[in-house]
Amino acid sequence: MTDLTMIDAIRRALSRALEEDPDVILFGEDIGIDGGVFRATDGLMQRFGAARVRDTPLAETVIAGMAIGAAAQGLRPVAEIQFMGFLYSAIDQLANHAARLRNRTRGRLTCPMVLRAPYGGGVRAPEHHSESMEAMLAHIPGLRVVVPSSPARAYGLLLTAIRDPDPVVFLEPKRLYRALKEPVSEDADALPVDKAHLVHEGRDLTIIAWGAMLADARTAAETLTGRGVSPELIDLSSLKPIDRQTIRASVRKTGRCVIVHEAPLTAGLGAEIAADLAEHCLTSLLAPVIRVTGYDTVMPYARLEDRYMPDAARIVAAVQQVMEFA
Amino acid sequence: MTGSAALSPSECGVFLDAEGKVLRDLPDFALDSETLVALYSMMVTTRAFDAKAIALQRTGRLGTYASSLGQEAISVGVASALSEADVFLPSFREHGGQLWRGVTMQELFLYWGGDERGNDFAGPRHDFPICIPVASQFPHAAGVALGLLHQGAGGVAVAIGGDGATSKGDFYEALNVIGAWNLPAVFVISNNQWAISMPRAEQTRAKTLAQKADAVGLPGEVVDGNDVIAVRDATRQALERARAGQGGTLIECLSYRLSDHTTADDASRYRDDAEVSRHWKAEPLVRLRAHLVAAHGWSKEDEESLLRESRSETETAAERYLATPPQPARAMFEHLYATAPPEIAALAQEMGDD
């Protein structure tokens, strides 16, 4: 058991997958000798060879498309898109092909690929480097979309994603890459991909968050506990499919819900969750479901970034609004 | 005529001219009667399939269909050069090539009739299904080639797209990576001179589409796509290079779309009948038939019996397709994931067995 950062945990999961399965290959921009711009693949090319850890030309469409072809041919490609803002040009391949190949061939050809991408803001990156477009991906039938919120979660979920027989988009909250360490066992089991995780139990309301927002939600939960409010905290973790049963069970118990995401409000994943709760938990709800999200605007450049990102204070304020609803 | 179609025979691989006259020494396979008859028969069968598909569409029994009329030699020529270990990635006008590879007519009718089971063909299990989003199959071919390279069994990924596809980034990105990584892949451009209503000359200022290979350091060649011998020979040589670890090739096959873009199109809105009539003189079946008659004793009886057989095969396949009941509605959920998440499983359950 070693204390690892998220980026170390990701590297360790990739390394273990490469060791365990000769069909696993990695490719992406600058992932070889450079070890990836965030060092997720540091040392892997040296260890596993340039045939299994490959630098691609700078071309996101072909990175996604090649992963599809290689997966259909029996490999287990784990491809990297350097930043989520550059994933838009891969969406055609994801939506038109990766997500459909099994379905359109009635299971004859399958697509066991993983597309990894650092996502989200909070690290003062240049423009186009801080996007949160998870809702677009979660809208695509046939995909899985997974977001870890801690090093241990990143390790276990990435292993499962690589072993999954269907395409998984694995979004890595880059703000958390080096923000915290936690013990990760070398032989830690893979975690289930389709599950939300109950982070801690509470009585008064449910806070749902994912990725980097979970850190802010935790801080908010501590403040709230100090004020005599008992929040239940859920890490959504799987954005597609959504573990609706876990969410509904929690909200039926607490009667209140605040959803936190970094992406803009309109047509974000919070809307889907709120609608699900309205459909299935109406009689349990004691207050409106409130969303604490990024604003409906373009992700601002670094100097205004902190003003855009939801934080603990905004979450606490939303919870107070919910708790005071008569 | 404009663009690459204006190339002279010396600039473009060709063995048989439009009248079937032999222009240069034929490759070995083209000296064999049985091989030539097989190629000719598949092209005739493809045309019969095409006619039946259009007839079914016009009578409301098939969906929108993309005819391969006039381009039969391209996909038949390419597919006939492949071995079983190779992987074929067609676009949507490669019916002949798919049939050659072992996809059945019934499966093709099912696909065009709106049934996913048409892509679950019993034949070449690793071949890709028809690809509709233009040029998006080329990146897959690069990935398939990577997979074949890892397997080390000498397989080659062979993708076909239209002239329109060469305007897309997908095509260029994939061509570039098969060059950079020296992958065993062959990209074929079925240049029928039209991207729906956009003529070849307006699509690009490039003299040929094959020259786009120059930009990535791969060999690019132009062949007469109406000469099945030229298509097969160029493919054969490209496959040999790929198997020998010498990397990919781009082959541009010059042809002409004698049909509308699809059954939903009306080409008279944007091109002259006179131009189409001119191209009928160069279509691929006539020249090979002339050569078979002149050099291989192909008789009127042979021809009539082939036409009869191809029509009857087509009719039988169409009847089987029409007699195939649609999938139950729950089928729309059954292959979304290997294991359906609970909400998807619930939807399938709700649909019942109808």
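This is a predicted model: local features need pLDDT of at least 70, side-chain atom pairs count only at pLDDT 80 or more; totals for chains, interfaces and linings use all residues.
If you take the box along the principal axes, the C-alpha atoms of chain A fill roughly 60 × 40 × 40 Å.

On burial, 59% of the 326 residues in chain A count as buried. On contacts, take those in chain A with a separation of 6 or more: 81% of them come from residues 24 or more positions apart.

Now the secondary structure. Chain A holds twelve helices and 14 strands. Seven strands make up an open sheet with mixed pairing. Reading across, the order is β3-β2-β4-β5-β7-β6-β12 of chain A. Which strands sit at the edges? They are β3, residues 53–55, and β12, residues 238–240, both of chain A, and each of them pairs on one side only. Ignoring direction, neighbouring strands in this sheet are turned by 20° against each other on average.

Strand β2 of chain A, residues 24–28, runs parallel to strand β4 of chain A, residues 76–80, and five bridges join them. To pick out one position, F27(A) has A79(A) in β4(A) as its bridge partner.

Next, the helices against the sheet. Helix α3 of chain A, residues 60–72, packs on the sheet and touches β2, β4 and β5 of chain A, where β5 covers 114–119. The direction of α3 makes about 175° with that of β4(A). Helix α7 of chain A, residues 151–163, lies across β2, β4, β5, β6 and β7 of chain A. Here β6 is 144–146 and β7 is 168–173, and α7 runs at about 160° to β7(A).

Last, the second chain. How many residues of chain B are in contact with chain A? There are 32 of them, and they meet 33 residues of chain A. On the chain B side, the elements that give two or more residues are α5, residues 137–151, and α6, residues 169–180. α5(B) gives the most to that side, with ten residues. By type, the residues on the chain B side that touches chain A divide into 15 nonpolar, ten polar and seven charged.

Key: Residues are numbered from 1 along each chain as its sequence is written. Chains are lettered from A and ligands numbered from 1 in the order in which they are written. Two residues are in contact if their C-beta atoms, placed from the backbone, lie within 7 Å. Helices (H or I, at least four residues) and strands (E, at least two) are DSSP runs, numbered from the N terminus. Ala, Val, Leu, Ile, Met, Phe, Trp, Tyr, Cys and Pro count as nonpolar, Asp, Glu, Lys and Arg as charged, and the others, Gly among them, as polar. Two strands pair if DSSP finds at least two bridges between them. Axes are lines fitted to C-alpha atoms, for helices over the stretch in contact, and angles run from 0 to 180 degrees between N-to-C directions. A residue is buried if 20 or more other C-beta atoms lie within 10 Å of its own, exposed if 12 or fewer, and partly exposed in between; C-beta atoms are placed from the backbone.
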